[in-house]
Amino acid sequence: LELERGDGTGYSLSLPYVPAGSIDWVVGDEHRRYPDFRQEFSTPTYDLYLSESGRPVLLLVWYGFRETLVEDVDRLMEYAEQEGLLDYAIIWDGTRSGGGSKGAYAIQRLSSEPFKTTFGNLRLSDTTAPFVERKQREFEENRLLDSGVSETIDDGAWLVDWLENDVMAALQAGEAYSNNVPFKLAHAPKDSDGVLQPAPLHFRGQMVCVFGPYGGSHLDQFAAIVADNDLAYLIGMPAGGYSNTWEWEETLLFPISKKPVVGYMWSVGHTIRPNGEVLEGNPADVDEYIPQTRDNFLNYYPLLVSRALGHLGFE
């Protein structure tokens, strides 16, 4: 390659080259196989694996907290009850998970312990009133959504009541932020301490959660809840660390022609971890740090599962 520096002088650079025919390419997901585990069934939310050697442990490869989470988690609980799996340990693999909503619904069924959920607030500014108006319209049209996923378990009345009263009152009082409430009022009202109880039907065994930096947002909240409430042992790498409550989007325009320049989005609220810390830029740490490297790439997922099994006493 013939390149040029900033001062105009040129130089040559030779890059190493390997003929394509000499490379042993990894095709498909062979490098993500889980030794000794067979897949039982798949949903948009997760794939369920059971141990082929009969060890009392199930593996959930989690893909996100999307539209079908509630029905997919309900299917898991029905299957676990029918097959006698409720005392099994769980390896929860969220290394390829995205965000969404309703993670607390899953935790209420994956764990036998009460837990404090995440909280959230709203940054008060000239965007607040139009933001509240938008949420009021969405509520009236029954479409309070977060990236296409319903933000709340109920009809959204708790959320809209908080926006119309607490948030607008704080705006008029000149406050910088609203009060902190259970996250988006999805699972508890604004006067709640945020402590949620396990569902009547829930798993009773230990849980190991595996994380990585691929995803964040609601995945960050899931990680913070299980870490700060000591519900699971965490291995791998911390999640992405970019959870907030909401964002505000605007199109920036040229001042004279009014032609659009760029779409711009920024955070307008903090997610508060159960330990009281702001979550954005501060993801839950793992108990056992296992980074993915060029040396362990092809064996990374079996390595994580092996460490999880070792923690559970199955290795």
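A residue is called buried here when its relative accessible area is under 20%, exposed when that area is over 50%, and partly exposed in between, with a 1.4 Å probe and protein chains only. Helices (H or I, at least four residues) and strands (E, at least two) are DSSP runs, numbered from the N terminus. The model on screen is predicted, so that local features need pLDDT of at least 70 and side-chain atom pairs count only at pLDDT 80 or more, while totals for chains, interfaces and linings use all residues. Residues are numbered from 1 along each chain as its sequence is written, and side-chain values use heavy atoms, with hydrogens and water left out.

**The whole chain**

Of the 315 residues, 45% count as buried. If you display the surface, its accessible area is about 16000 Å², of which 49% belongs to carbon and sulfur atoms; such areas come from the Shrake-Rupley method with a 1.4 Å probe, and for residues only the protein chains shown count as cover.

Contact, in this tour, means heavy atoms within 4.5 Å. Among the contacts with a separation of 6 or more, 70% are made by residues 24 or more positions apart.

Colouring by charge shows 24 positive and 48 negative charges, whose mean positions are 4 Å apart. In that count Lys and Arg are positive and Asp and Glu negative, with His and the chain ends not counted, and each charge is placed at NZ of Lys, CZ of Arg, CG of Asp or CD of Glu.

**Helix α6**

Next, select residues 300–312, which form helix α6, a run of 13 residues that reaches 19 Å from its first C-alpha to its last, close to the 18 Å expected at 1.5 Å a residue; the expected span is 1.5 Å times one less than the number of residues. Show the side chains of Y300, Y301, P302, L304, V305, A308, L309 and L312, the buried residues of this helix. What covers them includes the strands β3 (37–42), β5 (57–62), β6 (89–93), β13 (207–211) and β14 (233–236).

Within α6, centre the view on Y300, which is buried with a relative accessible area of 3%. Leaving aside its neighbours within four places in sequence, Y300 is in contact with G236, M237, I290, P291 and Q292. Just after the helix, G313 takes a positive phi of about 85°.

**Salt bridges**

Select D36 and R55, which form a salt bridge with their closest N and O atoms 2.5 Å apart. Because D36 lies in the loop between β2 (10–12) and β3, and R55 in the loop between β4 (46–51) and β5, the pair ties together parts that are 19 residues apart in sequence. D36 is partly exposed, with a relative accessible area of 25%, whereas R55 is buried, at 18%.

Move on to R38 and E40, another salt bridge, with closest N and O atoms 2.7 Å apart. Here R38 counts as partly exposed at 36% relative accessibility, and E40 is also partly exposed, at 29%.

Then select R204 and D87, whose closest N and O atoms are 2.7 Å apart in a salt bridge. This pair links distant parts of the chain, since R204 is in the loop between β12 (195–196) and β13 and D87 in the loop between α1 (69–83) and β6, 117 residues apart. R204 counts as partly exposed at 46% relative accessibility, while D87 is exposed, at 53%. Finally, show R134, K135 and E138, which salt bridges with shared partners join into one network.

**Two lysines with positive phi**

To finish, select K102 in the loop between β6 and α2 (103–110), where phi is near 70°, a positive value in a residue other than glycine. Is K102 buried or exposed? At 10% relative accessibility, K102 counts as buried.

The last stop is K258, in the loop between β15 (247–253) and β16 (260–267). K258 has a positive phi of about 65° although it is not a glycine, and K258 is exposed, with a relative accessible area of 53%.

Methods. A salt bridge is a side-chain nitrogen of Lys or Arg within 4 Å of a carboxyl oxygen of Asp or Glu.
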